[in-house]
Amino acid sequence: MKPLNLRGFLIYKSLISAQDQAEILDDIRAGLPQAPMFSPVTAWGKPMSVQMSSAGRYGWYSDRSGYRYEPKHPNGNDWPTIPQSVLRIWESVSGTDRQPDCCLINHYREKARMGLHQDNDEQDFTYPVVSISLGDDALFRIGGTDRKDKTESVWLASGDVVVMGGDARLAYHGIDRIRFGTSTLLKNAGRINLTLRVVD
Ligand code: SIN
Ligand code: FE2
């Protein structure tokens, strides 16, 4: 499948079938008893509007000490392993033989958003970031590598996959809002985003 290329962000519309989306969601949910969702705060002490957990060797974590990867959930458990159903997506679009170390799970309820940011807590930016959208539509804002660069937006739907590699690897991006209730994948609506990254 040939992706849309928006300023280096490769957008694969409807890459994941409805059946595979449901399988991925089930597999991700299966890890939540071990590593429940939590509400992170930013380095400035502001609560984030998304709920978060992770799978993999590392989980992404944020509190007043800053943004980082942690080998354990705050409850002391290991993070669950990244499901095969998710790794298959990485293998199909990442262009690398290396496996990701972290699958960040972001849950967006009705008013949740994600401010414009760079993914830069990893050690090697030659590996891409692969982002999987599940559930409600989300307005994805794309910028450049300078926060002041002009931005443009695109709607992401359930089953869409975005690859941020090359010049887009360190580009600013964020979620302005979700269109609550546009998908029936999650029983209570909302959106799950999975972000796969090589960490170290
Ligand atoms: C993120 O960049 O951390 C999340 C992007 C998304 O939810 O699509
Ligand atoms: Fe990000």
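**Close-up 1. His173 pairs with Ile142 across two strands.** In strand 12, the bridge partner of Ile142 is His173. The model shown here is predicted. Strand 9 covers residues 137-142, and strand 12 covers residues 173-179. These two strands run antiparallel and are joined by six bridges. His173 also faces the ligand: one of its polar side-chain atoms lies 2.9 Å from an oxygen atom of ligand 1.

Close-up 2

**Close-up 3. Strand 8 pairs with strand 13**. Find residues 129-135 for strand 8 and residues 191-197 for strand 13. Six bridges link them in the antiparallel sense. Look for Gly135: opposite this residue stands Arg191 in strand 13. Arg191 is also one of the residues around ligand 1.

**Close-up 4. Nine names surround ligand 1: Asn106, Tyr108, Met114, His117, Ser131, His173, Ile175, Arg191 and Asn193**. How far is an N or O atom in the side chain of Arg191 from an oxygen atom of ligand 1? The distance is 2.8 Å. For His173, a polar side-chain atom lies 2.9 Å from a ligand oxygen atom. For His117, an N or O atom of the side chain is 3.2 Å from an oxygen atom of the ligand.

**Close-up 5. Helix 1 packs against helix 2**. Helix 1 spans residues 18-30, and helix 2 spans residues 84-93. Their axes are 8 Å apart and meet at an angle of about 125°. The two helices are therefore oblique to each other. Which residues of helix 1 and helix 2 meet? Glu23, Ile24, Asp27 and Ile28 come from helix 1. Ser85, Val86, Arg88 and Ile89 come from helix 2. The residues of this contact divide into four nonpolar, one polar and three charged.

Definitions and conventions:
Residues numbered from 1 in each chain as written. Chains lettered and ligands numbered in written order. Predicted model: local features only at pLDDT ≥ 70, side-chain atom pairs only at ≥ 80, totals over all residues. Heavy atoms only, no water. Pairing = 2+ DSSP bridges. Helix = DSSP H or I, 4+ residues; strand = E, 2+ residues; numbered from the N terminus. Axes fitted to C-alpha atoms, helices over the stretch in contact; angles between N-to-C directions. Parallel < 35°, antiparallel > 145°, perpendicular 65-115°, else oblique. Contact = heavy atoms within 4.5 Å. Nonpolar A, V, L, I, M, F, W, Y, C, P; charged D, E, K, R; others polar. Near = heavy atom within 4 Å. Polar contact = N/O pair within 3.5 Å; in protein donor to acceptor, adjacent residues only side chain to side chain.
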